[in-house]
Amino acid sequence: MSRTRLSARWIVGHRDGAHVVFENGCVVIEGTRILHVGASFDGDADAHIDYGEAILSPGFIDLDALSDLDTTILGYDNGPAWKKGRVWPQSYVDAGPYEMYSPEELAFQKRFAFAQLIRNGITTALPIASLFYRAWGETVAEFDAAAAAAEDLGLRAYLGPAYRTGGQVTDETGTIRATYDEARGLQDLAEAADYAQRIDGIAGGRIRAMFAPDRIETCTESLLQRTHAIAAEMGAPVRLHSCQSPTEIRLVQEQHGTTPIDWLNRIGAIGPNWLLPHGTQATERDFTLMAEHGATLVHCPLVAARHGGLLRSFPECRDRGINIGLGTDTWPPDMILNMQLGMMTARLAKGMDAIRSEALFDAATLGGAQALGRDDLGRLAPGACADIAVIDLRGTLQTPDPIQTLMTSSAGRDVRDVWIDGRQVMADGEIPGFDAVAETARAQAQFDGLIAKYPDRTVDHPPVTEIFTPSYRRAR
């Protein structure tokens, strides 16, 4: 079995249950696994790459990984959401919601998004996409295409189409209510379960199954209870967006008379395999129940901060014993920027001394691994999967510590090489078989086409120029 030795100024290794740093060290890959991590290696290697001024980091684990062309960026300066096409108006529902992308476009956007994850040092991903532009949920066909793309690109992925038993509809005054089609949602769950059984463990084990009920306010009790039972039997993760918006909190209170996580507790649909983005609206009891059930809080600081939100209790959640992982959930899927925003917002909420850089790095690596029940991911240690992000430091001002340098001076664009399962899936910023310039142009054209359809699903159907207002007057 061939061996490859990678060396660099900084190595983030792992010993005795925690990350450690080696200065001027190396990592040795043998097959798909890590053979050695340390200051030196006395054995033979078939190849050697010296990255110089760089960090060899465990690949990041993205528990809420962007897998479409992110429509939330359109709402950055354009609100309120109900008035800007982010909630279906009744007229659109009456006319019949339709797929705004073709099957070919859906397949393309998964491949494009997966390449962006790799380019940002994300080696394990649980995809997330918007359902606002869908007829209802995601389809098995597009996830067959997603599995093919992940296998081809080399991404480690947990896959499963998003499904739901309900949706949101707004009237012309912005009053949002829930609407349901439980039979359709349960059928989608059955199809998702069949898909999970079929793909779990393919691509040499790099592709695994997950279950993705969309949002807690768009799911009925039966859907979540059945999901819990099926996923528990398979040992698969369940991801459910919850505690993320005032509208969600209101709808859950109106429908179930309690808070989101308390409702999951009451219906017996929560456990150690449950991943719960975002927690920005969670109550003390919600957090207590997450800890009691061993569920993972998926922190998505970048997308929250863009919309004026933040997790007000990262240190306290950690002190409660809640496992915290990270998700990007927006464009760009820059996990380094995500960690930086997580650090800043935690300090804004709780003070300078409440948190240090390693807490966010742990969340992006070890927290994700714990959420998936994987002690072979999120760390560089003998026997672990050879999933490595090489972060170039030649263009940045370095602090005396590599993790603090990541948090102060680096970005996703500094990721130079990526290795997954011992395979070099990106070298010098290039992904084999992926033309970044051409594919980005195609993605932009597809995104522009979606924007042109926004009036169909926006209250009163105004033209695009009224939905998205410019920053400054357009001069002629």
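Is D144 buried, partly exposed or exposed? At 30% relative accessibility, D144 counts as partly exposed, a class lying between buried (under 20% relative accessible area) and exposed (over 50%), with a 1.4 Å probe and protein chains only. This is a predicted model, in which local features need pLDDT of at least 70 and side-chain atom pairs count only at pLDDT 80 or more, while totals for chains, interfaces and linings use all residues. Residues are numbered from 1 along each chain as its sequence is written, and side-chain values use heavy atoms, with hydrogens and water left out.

Because D144 lies in helix α3 (residues 140-153) and R198 in helix α4 (residues 182-199), the pair ties together parts 54 residues apart in sequence; helices here are DSSP runs of H or I with at least four residues, strands are runs of E with at least two, and both are numbered from the N terminus.

Next, select D376 and R33, which form a salt bridge at 3.5 Å, N to O. D376 sits in the loop between α12 (357-371) and β19 (388-392) and R33 in strand β3 (residues 33-38), so this pair ties together parts 343 residues apart in sequence. D376 is buried at 12% relative accessible area, whereas R33, at 33%, is partly exposed.

Finally, select E316 and K350, whose side chains meet in a salt bridge at 2.9 Å, N to O.

Note on methods
A salt bridge is a side-chain nitrogen of Lys or Arg within 4 Å of a carboxyl oxygen of Asp or Glu.
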